Amino acid sequence: METTTMTIPAMQNEAIAIAVAKAIESVEGVDSVHITLAHSRARVAFNEVLAAPRDLRAAVETAGFVVADDAPGRKSCCGGCGG
């Protein structure tokens, strides 16, 4: 299992957060999505055999949202703190 954090600047309210989460969850291999509205971030745990950060980014962009360039490949140690 791998974890990545993506920053989605437009994710400013619950409706957008739900749309972003649904888009990410549609990617095969995604195990969980944790949204933090205060920082406009989505932390995603996924099976790296089935999905890659580029797949997650593509799903968000296909849903009509922009992913900040600094985040798509950033990994965290276990996903517990998002760092």
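**Figure 1. Arginine 57 and aspartate 69 meet through their side chains.** In this predicted model, a polar contact of 3.0 Å links the side chains of arginine 57 and aspartate 69. A polar contact here is a pair of N or O atoms within 3.5 Å; within protein, one must be able to donate a hydrogen and the other to accept it, and residues adjacent in sequence count only if both atoms are side-chain atoms. Arginine 57 sits in helix H2, which covers residues 53-62. Helices (H or I, at least four residues) and strands (E, at least two) are DSSP runs, numbered from the N terminus. Is arginine 57 buried or exposed? Arginine 57 counts as buried, because its relative accessibility is 18%, and buried means under 20% relative accessible area, exposed over 50%, partly exposed in between (1.4 Å probe, protein chains only).

A note for all views: residues are numbered from 1 along each chain as its sequence is written, and side-chain values use heavy atoms, with hydrogens and water left out. As this is a predicted model, local features need pLDDT of at least 70 and side-chain atom pairs count only at pLDDT 80 or more, while totals for chains, interfaces and linings use all residues.

Figure 2. Which residues of H2 are buried? They are Pro53, Leu56, Arg57, Ala59 and Val60. These residues lie on the same side of H2, because they cover an arc of only 160 degrees around the axis; the arc is that of the directions from the helix axis to the C-beta atoms. The buried residues of H2 pack against E1, H1, E2 and E3, where contact means heavy atoms within 4.5 Å. On the face turned away from the buried side, look for the exposed residues Arg54 and Thr62. Just after H2 comes glycine 64, with a positive phi of about 100 degrees.

**Figure 3. Three strands make an open sheet.** The order of the strands in this sheet is E1-E3-E2, and their pairing is antiparallel. Two strands pair if DSSP finds at least two bridges between them. Strand E1 (2-7) and E2 are at the edges with a single partner strand each, so one side of each has no neighbour in the sheet. On average, and with direction ignored, neighbouring strands of this sheet are turned by 20 degrees against each other. Helix H1 (residues 14-25) packs on the sheet and touches E1, E2 and E3, and its direction makes about 160 degrees with that of E2. H2 also packs on the sheet, touching E1, E2 and E3, with its direction at about 35 degrees to that of E1. For these angles, axes are lines fitted to C-alpha atoms, for helices over the stretch in contact, and angles run from 0 to 180 degrees between N-to-C directions.

Figure 4. Strand E2 (residues 30-36) pairs with strand E3 (residues 41-46) in the antiparallel sense, over six bridges. You can follow the pairing residue by residue: alanine 45 in E3 is the bridge partner of serine 32, and alanine 42 in E3 is the bridge partner of isoleucine 35. In the loop between E2 and E3 you will find serine 40. Serine 40 is not a glycine, yet has a positive phi of about 55 degrees. With a relative accessible area of 8%, serine 40 is buried.

Figure 5. Valine 30 belongs to strand E2 and counts as buried at 18% relative accessibility. Which residues does valine 30 contact, leaving aside its neighbours within four places in sequence? They are Ile24, Glu25, Val44, Ala45, Phe46 and Leu56. The C-alpha atoms of valine 30 and leucine 56 are separated by 8.7 Å, although these residues are 26 residues apart along the chain. Over in strand E1 lies threonine 5, which is buried with a relative accessible area of 4%. Threonine 5 and arginine 43 are 38 residues apart in sequence, and their C-alpha atoms are 4.3 Å apart in space.
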